[in-house]
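The sequence and the structure are shown first.

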Amino acid sequence: MKKDNARRRGDGQVIRHFCDAFAFLVDHPEKSSPRNRTPLWISTAGRPMKTVIRILILFLLMPLTSDAASEALKPNIVVFLADDMGWGDSATYGHKLIKTPNLDRLASQGVKFTQCYSACAVCSPSRSSILTGRTPYRNGVYRHLSGNHEAHLRASEITYPKLLRSSGYETCHVGKWHLNSKPQFNTREFPQPGDHGYDYWMATHNNAAPSHRNPNNFVRNGKPVGELNGFSAPLVADEAVRWLNELRDDSRPFALSIWFHEPHSPIATDPKFSDLYDGHENSRYMGNITQLDHALGMVMKALDEEGVSDNTLLIFTSDNGPVAKFGGTAGGLRGGKRSEHEGGIRVPGVVRWPGHIRPGTVSDVPVIGTDIFATVLDVAGLPLPKDRTIDGVSMLPAFEGKAVRRRIPLFWRTHVSPPADRVALRMGDWKLVGDETLTTFQLYEIQKDWKEERDLASLMPEKTEEMKRRLFEVWNDIESEGPDHWWKNERQKPAGGGKVNY
Ligand SMILES: [Ca+2]
């Protein structure tokens, strides 16, 4: 396969050979002419015609060679996404027992965000925002797509893999997809990973099934794979490593998405990882996180062996908070998955980019999965789309601990949340949490009160009103732009005994 790729290498490779030849002539001027030992750029006398022709060719190629050189320098992009991994579910974020040596190492080599958010407190919406830079109700994926739903990531949305691919990147997605509903997955009528910008993909619709052990529901580039032997995260990492080592065109920059199933239920853990916590009641869950961490390490090792780690922006995060009944922990934050309190949306966020991020940086600048889109385009030197609202911003200043400027504040709405915390808005140190009817609000000074223990709404009515005004502005804007026929017309029961179904 690699040989096939070598055959389809483009002009960049040819031009690079010219560049190599030019460098060789500069370093070894004696080779340009046995009679002329003076460097090419000094001597004007006694040069044979062959050398003059070479120089003319090089002049003609100069604009191309500079393009090729800049393309060669474009950073690769790797985005790891855990599924339901909580803020407190790793040694990196302070868990006393769970071993995550690879995530620890990653944080020591890059930046660890202490206030990294997911775009939603459930799965599909969060993922849609990573790819589009747009908040879920705006891009249409307002709900998790686990059953028979109309909503999906529309072909009209612009994803970062699509933009990177059109600028010369090779793209790959492995793992969970969850951006269309079950009947829509792997059909021609609805967009699939390939339609959203991935050259190569191996994915499941939602969970690996029938279990995360020996799953049989992966689809590779439209074709069912059949039963695989092993556990999901290492299987997904295996495919990513195979793509890195054998399948990709190594003359091009690449973007690789690795969206693990772990630690989402049904939890299936290789005994070699659960045995690390032998005798502990939570050994399966803790081992499941270590299994995920092991898979992260497999890909980190492959990047090293391919010699591309130094030119790769690597992001690790989670799609929403943890589920306590399965063993997850939000590390002391209030709430968990589905909640608009911090436990549902504040997640791990680690970024490595050698030469650009000081190793071991810890940043408390709030960032969100929605920012990945603008960050990736910034790193690749591509402009943001101008024909639509992009909610996220580039995280680059935050890599150095500097604040990022947001035109649109951080905003969350989760359709299956408890009715009392259906929406949230964060501006600076302040967070407003609103109920499903948008009539009752809680106010927290979130930078200090990170556990959301002291509701200041009645004590600070002016601040509360200011935040409410902004929240309604943001929501009204989203409603006017998003495909609201889906969330207003789809029949579903209101969650948690509430009144509103979106
Ligand atoms: Ca999830």
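How many bridges join strand β15 to strand β16? Strand β15 (residues 423–427) and strand β16 (residues 430–434) run antiparallel and are joined by 5 bridges.

## Basis of the model

The model is predicted: local features need pLDDT of at least 70, side-chain atom pairs count only at pLDDT 80 or more, and totals for chains, interfaces and linings use all residues. Residue numbers start from 1 along each chain as its sequence is written.

Helices (H or I, at least four residues) and strands (E, at least two) are DSSP runs, numbered from the N terminus.

## The antiparallel sheet

Strands of a sheet pair through backbone hydrogen bonds, either parallel or antiparallel. Here, an open sheet of 4 strands has the order β14-β15-β16-β17 with antiparallel pairing; two strands pair if DSSP finds at least two bridges between them. At its edges lie β14 (410–413) and β17 (441–445), each of which pairs on one side only. On average, neighbouring strands of this sheet are turned by 15° against each other, with direction ignored.

Within the sheet, Val423 stands opposite Gly434 in β16. Helix α14 (residues 461–481) packs on the sheet and touches β14, β15, β16 and β17. The direction of α14 makes about 115° with that of β15. For such values, axes are lines fitted to C-alpha atoms, for helices over the stretch in contact, and angles run from 0 to 180 degrees between N-to-C directions.

## Helix packing around α10

Two packed helices are described by the angle between their axes and the distance between the axes. Helix α8 (residues 232–247) packs with α10 at an angle of about 5°, their axes being 9 Å apart. The two helices are therefore roughly parallel; angles under 35 degrees count as roughly parallel, over 145 as roughly antiparallel, 65 to 115 as roughly perpendicular and the rest as oblique. The contact (C-beta atoms, placed from the backbone, within 7 Å) includes Ala233, Val236 and Leu244 of α8 and Leu292, Met298 and Ala302 of α10. Its residues divide into 12 nonpolar, 3 polar and no charged. In this division Ala, Val, Leu, Ile, Met, Phe, Trp, Tyr, Cys and Pro count as nonpolar, Asp, Glu, Lys and Arg as charged, and the others, Gly among them, as polar.

Helix α4 (residues 101–109) also packs with α10 (residues 283–305): the axes come within 7 Å and cross at roughly 55°. The pair α4 and α10 is therefore oblique. Pro101, Asn102 and Leu103 of α4 meet Asp293, Leu296, Gly297 and Met300 of α10. These residues divide into 4 nonpolar, 2 polar and 1 charged.

## Backbone geometry in the loops

Most residues other than glycine have a negative phi, and most peptide bonds are trans. Asp84, in the loop between β1 (76–82) and α4, has a positive phi near 70°. Asp84 is buried because 24 other C-beta atoms lie within 10 Å; the class requires 20 or more, exposed means 12 or fewer, and partly exposed lies in between, with C-beta atoms placed from the backbone. Asn186 has a positive phi of about 60° and lies in the loop between β4 (170–176) and β5 (200–204). With 17 C-beta neighbours inside 10 Å, Asn186 is partly exposed.

A cis peptide bond joins Glu262 and Pro263, with omega about -5°. Another cis bond links Ser265 and Pro266, with omega about 0°. Pro263 lies in the loop between β8 (254–259) and α9 (271–274), and Pro266 is likewise placed between β8 and α9.

Technical notes. Two residues are in contact if their C-beta atoms, placed from the backbone, lie within 7 Å.
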